[in-house]
Structure formats: structure tokens, C-alpha cells
Amino acid sequence: MHFRPLHDRVLVRRVEAEEKTAGGIIIPDTAKEKPQEGEVVAVGPGARDDAGKLAELSVRAGDRVLFGKWSGSEVRLDGEDLLIMKESDILGVIETVVPLKQAA
């Protein structure tokens, strides 16, 4: 099935939760929180401003994003749990930075 969000909506796939803490302690399923990080699967065309002009969204499919704990509506498409949320519910985009080489 192909799904296309409308207006300023974004379809997000949650990233899997960590199984261990930084110290190596295994987290049981009952103590895990839902991750607040995800990958954008699809985006809508954008919202219209007061003049009727289409304002494109800042996120694109494939972006890794952070969102609020209670953001979005959970949906199940093709057996996969996804979130539909407004672009304003997204807190930011995670960008990978290539480390600079240190001078010898």
C-alpha cells in the first residue's frame, strides 16, 4: 500500500529502542519507553499560508527526526506501526557530522 500524507502531515517510523543502557544493563520490555526518534517515511505537499501560497515542509523522506513523547497519532499500515504527525510536532532533524581529521 502507498500512503501520502496531506497538507503539513508527516509519516514517521520509530527507531528501535535501545536494549541496553550505556553501562551495559539490559532494559526489560516493561521498563522501556517508546523512542522519541524516528525516520521520515513520507511528507505531505505543505500547508497554505493566509495568501493561499503553498509553503513546503522542512523535512524530507529519509530524515532522522526527534519528536515529543506524546506527538502524533499511531497507525498500522501493512503490518507496521507508524506515526502521523504535523510538521510542527517535530522538534528537529538529526544530521550526521563527519569528524574532522586532527593534525598530527
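Q: In which strand does Lys86 lie?
A: A note before we start: this is a predicted model. Lys86 lies in strand E7, which covers residues 80–86.

Q: Which residues is Lys86 in contact with, leaving aside its neighbours within four places in sequence?
A: Those residues are Asp8 and Arg9. Lys86 and Val43 are 43 residues apart in sequence, and their C-alpha atoms are 9.6 Å apart in space.

Q: How many helices and strands are there in the protein chain?
A: The protein chain has eight strands and zero helices. Read along the sequence, its pattern is β-β-β-β-β-β-β-β.

Q: What share of contacts between residues at least 6 apart in sequence join residues at least 24 apart?
A: In the protein chain, that share is 62%.

Q: What percentage of the residues in the protein chain is buried?
A: Of its 104 residues, 22% are buried. The chain exposes about 8000 Å², and carbon and sulfur atoms supply 53% of that area.

Q: Which residues make the nonpolar surface patch of about 270 Å²?
A: Leu66, Leu91 and Ile94 make this patch. One of them, Leu91, lies in strand E8, residues 90–94. Leu91 has a relative accessible area of 65%, so Leu91 is exposed.

Note on methods
Residues numbered from 1 in each chain as written. Predicted model: local features only at pLDDT ≥ 70, side-chain atom pairs only at ≥ 80, totals over all residues. Heavy atoms only, no water. Helix = DSSP H or I, 4+ residues; strand = E, 2+ residues; numbered from the N terminus. Contact = heavy atoms within 4.5 Å. Buried < 20%, exposed > 50% of the residue type's maximum accessible area, 1.4 Å probe, protein only. Areas by Shrake-Rupley, 256 points an atom, 1.4 Å probe, with all protein chains shown as cover. Patch = residues over 30% accessible without salt bridge, like charges linked within 9 Å, V, L, I, M, F, W, Y side chains within 5 Å. Salt bridge = Lys/Arg side-chain N within 4 Å of Asp/Glu carboxyl O.
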